[in-house]
Amino acid sequence: MIRKSNEKETIRKPSPFNGTGEITVRSLLNGPEEMSQKGRVFGHTTVYPGSEIGYHIHTGDSETYYILSGQGRYNDNGVITTLSAGDVAYCAPGSGHGIACVGDEPIEMIALILYE
């Protein structure tokens, strides 16, 4: 399967997980059927300045962020750190996380959610 960049659907999500502002998610693979039933999200996520993905807990799955550009304030189970291009953040099943865009540039990242 080959999917050209103009064939990928981009979804706008306001205030994800009671966050602020808006994010967009462009699916790179479309759900479990394209992920061998091992995951539900493989997407290019953009968090815009002033926006955040609110803190949430993963139950039955894990999530990994690979930061492509921008800078974010990452909440890893209550521990706050700054993420920037090249950083990877992993949230294990049963753990929680959230990320807020800091600065004038959006955070561009790849998000991967895999089933436990």
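**Entry 1: a definition before the sheets.** I count two strands as paired if DSSP finds at least two bridges between them. I also keep in mind that this is a predicted model.

Entry 2: Six strands make an open sheet, ordered 1-2-3-10-5-8, with antiparallel pairing. Strand 1 (10-14) and strand 8 are at its edges with a single partner strand each, so one side of each has no neighbour in the sheet. I get an average twist of 25° from one strand to the next.

**Entry 3: strand 5 and its two partners.** I then went through the pairs around strand 5. Strand 5 (residues 61-69) runs antiparallel to strand 8, and four bridges join them. I noted Ala 89 in strand 8 as the bridge partner of Tyr 65. With strand 10 (residues 107-115), strand 5 pairs over eight bridges, again in the antiparallel sense. In that strand 10, Glu 108 is the bridge partner of Ser 69.

**Entry 4: the faces of strand 8.** Which residues of strand 8 are on the covered face, and which on the uncovered one? For strand 8 (residues 88-91), I find Ala 89 and Cys 91 on the covered face, while Val 88 and Tyr 90 are on the uncovered one.

Entry 5: Four strands form an open sheet in the order 4-9-6-7, paired antiparallel. Its edge strands are strand 4 (52-57) and strand 7 (79-84), each of which pairs on one side only. Neighbouring strands here are turned by 20° against each other on average, direction ignored.

**Entry 6: strand 6 and its two partners.** I checked strand 6 from both sides.
- Strand 6 (residues 71-76) and strand 7 run antiparallel and are joined by six bridges.
- Within this pair, Ser 84 in strand 7 is the bridge partner of Gln 71, and Tyr 74 stands opposite Thr 81.
- Strands 6 and 7 form a hairpin with two residues between them, and Asn 77 in the turn has a positive phi of about 55°.
- On strand 9 (residues 96-101), strand 6 pairs over five bridges, in the antiparallel sense.
- Gly 72 has Cys 101 in strand 9 as its bridge partner.

**Entry 7: the cysteines.** How many disulfides does the structure hold? I count zero disulfides. The cysteine sulfur closest to that of Cys 91 belongs to Cys 101 and is 20 Å away, which is too far for a bond; my cut-off for a disulfide is a pair of sulfur atoms within 2.5 Å.

**Entry 8: a look at Tyr 115.** Tyr 115 lies in strand 10. With a relative accessible area of 37%, Tyr 115 counts as partly exposed, because that class lies between the 20% and 50% limits. Which residues does Tyr 115 contact, leaving aside its neighbours within four places in sequence? I find Pro 32, Gln 37, Lys 38, Gly 39, Arg 40, Gly 60 and Asp 61. I also looked up Ser 62: its C-alpha atom is 6.5 Å from that of Tyr 115, although the two residues are 53 residues apart along the chain.

**Entry 9: the whole chain.** For 116 residues, a compact globule would have a radius of gyration near 13 Å, and the 14 Å of the protein agrees with that. The C-alpha trace spans about 35 × 30 × 25 Å along its principal axes. I find 36% of the 116 residues counted as buried. Of the contacts with a separation of 6 or more, 62% come from residues 24 or more positions apart. The protein exposes about 6400 Å², with 50% supplied by carbon and sulfur atoms.

Definitions and conventions: Residues are numbered from 1 along each chain as its sequence is written. This is a predicted model: local features need pLDDT of at least 70, side-chain atom pairs count only at pLDDT 80 or more; totals for chains, interfaces and linings use all residues. Side-chain values use heavy atoms; hydrogens and water are left out. Buried means under 20% relative accessible area, exposed over 50%, partly exposed in between (1.4 Å probe, protein chains only). Axes are lines fitted to C-alpha atoms, for helices over the stretch in contact, and angles run from 0 to 180 degrees between N-to-C directions. The radius of gyration is taken over C-alpha atoms; the globule rule is 2.2 Å times the number of residues to the power 0.38. Contact means heavy atoms within 4.5 Å. Accessible areas come from the Shrake-Rupley method with a 1.4 Å probe; for residues, only the protein chains shown count as cover.
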